[in-house]
Amino acid sequence: MPSIYDAFDFLDKGEATEVFSMLCIGWFIFAVLITIYLYIRNYKPYKTDFRDDFYTQIPSNITPIELSELMYKKVVPSALSAEVLKLFNEGVLRIEKDKNNGETYIHLNRISNKDFTIGKDYTVKLLVNIMGNGSRVSIKEIAKFCDRKRNCDNFYMEYKIWCRIMRKENLKHIFYERKTQYGIVRFLTIIGCLLFIANIIGGFRLNIGYATLLPAVLLLLYFTKIYKRTRAANEEYHKWIAFKQFLENIENFKCTIMNPDEYVVYGIVLGVKGLEKKITEHTYYEEIANALNKCIIKALLNGDRKLV
């Protein structure tokens, strides 16, 4: 049976081993250089001109879904809460306490949905139709909805559909730079794996040959996970960070907030706790957000992924 040494038939075994060792060393050097290049090109953030610790105004009019994408590069569970709270601000939903059982209910305030976007319509469906009875749902029902496995599976599927709809409908800005190095990363990964296989089949048994496999795989994983905001998006990102700092310390500022509910909506996405009590006269926003987050987390942990 021909061996790998046939490829080096002009060399003896010792020379072939040395050549193979040099190939592995060359691969490692090239992989290190490419990793440094990928870090600078696709991960190292641009320097920002914005240096303030606090930003007292909403930095821009992006939607909660866009804010979630800007901050976390994904639609986080709190984005659903923010979209639901927006429907309260727009008068689509209202809160009411049932005098008979003492439960707090979310009611659909407007039946006609002619001016609804697809996203708003699906948000109402997810909240009132799927989790409620079509016209109302209690905060307690929301929190416990995913306690049952069947509900958990159903909600997981509907939530994933909702995320796709909201991303398609809301993402109007490009926040991240495009990565164009897929070819070279794939090539390096394949070569690293082939060197590992050749080290075994060829009988070289070199430690450096065995060591090519893990870095090759990690390089590919590293490239798929890293991202870099555009220069403009990075500037806006730091403004939102400063805005979050302001919201977390808002009691120390003497300023008039014209639309506190809108601040709470963005605060939900940013993960600011206790803001509603500080700037509004109600507390049900955070109650709803906590109930929804609890339900979403259960669905993400226990929902059947085969349904999506």
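**Exercise 1. Is tyrosine 39 buried, exposed or partly exposed?**

Step 1. Tyrosine 39 has a relative accessible area of 37%, so this residue counts as partly exposed. The cut-offs are under 20% for buried, over 50% for exposed and partly exposed in between, with a 1.4 Å probe and protein chains only.

Before going on, a word about the source: this is a predicted model, in which local features need pLDDT of at least 70 and side-chain atom pairs count only at pLDDT 80 or more, while totals for chains, interfaces and linings use all residues. Residues are numbered from 1 along each chain as its sequence is written, and side-chain values use heavy atoms, with hydrogens and water left out.

Step 2. Now place the residue: tyrosine 39 sits in helix H1, residues 13-42. Helices (H or I, at least four residues) and strands (E, at least two) are DSSP runs, numbered from the N terminus.

Step 3. Met22, Ile25, Ile29, Phe30, Val32, Leu33, Ile36, Tyr39, Ile40 and Tyr43 make up a nonpolar surface patch with about 930 Å² of accessible area together. Such a patch takes residues with over 30% relative accessible area and no salt bridge, joining nonpolar side chains (Val, Leu, Ile, Met, Phe, Trp, Tyr) within 5 Å and like charges within 9 Å. Areas come from the Shrake-Rupley method with a 1.4 Å probe; for residues, only the protein chains shown count as cover.

**Exercise 2. Describe the overall build of the chain.**

Step 1. Count the elements: there are 13 helices and three strands.

Step 2. Check the radius of gyration. The chain has 27 Å, whereas a compact globule of 308 residues would have a value near 19 Å. The radius is taken over C-alpha atoms, and the globule rule is 2.2 Å times the number of residues to the power 0.38.

Step 3. Turn to burial and surface. Of the 308 residues, 43% are buried, and the chain exposes about 17300 Å², with 56% of that supplied by carbon and sulfur atoms.

Step 4. Finish with contacts, meaning heavy atoms within 4.5 Å. Among those between residues at least 6 apart in sequence, 75% join residues at least 24 apart.

**Exercise 3. Which residues touch the most other members of the largest nonpolar core?**

Step 1. A nonpolar core is a set of buried Ala, Val, Leu, Ile, Met, Phe, Trp, Tyr and Cys residues joined through side-chain atoms within 4.5 Å. The largest has 67 residues, and Leu80, Leu93, Leu127, Phe155, Trp162, Trp240 and Leu247 touch the most other members. A second, separate core has 17 residues, including Phe20, Leu188, Phe204 and Leu206.

Step 2. Take Trp162 from that list. Tryptophan 162 belongs to helix H6 and is buried, because its relative accessible area is 0%. Beyond residues up to four places away in sequence, tryptophan 162 touches Ile65, Val75, Ala79, Leu80, Glu83, Gly119, Tyr122, Thr123 and Leu126. With glycine 119 the C-alpha separation is 7.3 Å, across 43 residues of chain.

Step 3. Do likewise for leucine 247: leaving aside neighbours within four places, its contacts are Tyr263, Gly267, Leu270, Val272 and Leu275.

**Exercise 4. How many residues of helix H2 are buried, and against which helices do they pack?**

Step 1. In H2 (residues 64-72), eight of its nine residues are buried. They are Pro64, Ile65, Glu66, Leu67, Ser68, Glu69, Leu70 and Met71.

Step 2. These residues pack against H3, H6, H10 and H11.

Key. A salt bridge is a side-chain nitrogen of Lys or Arg within 4 Å of a carboxyl oxygen of Asp or Glu.
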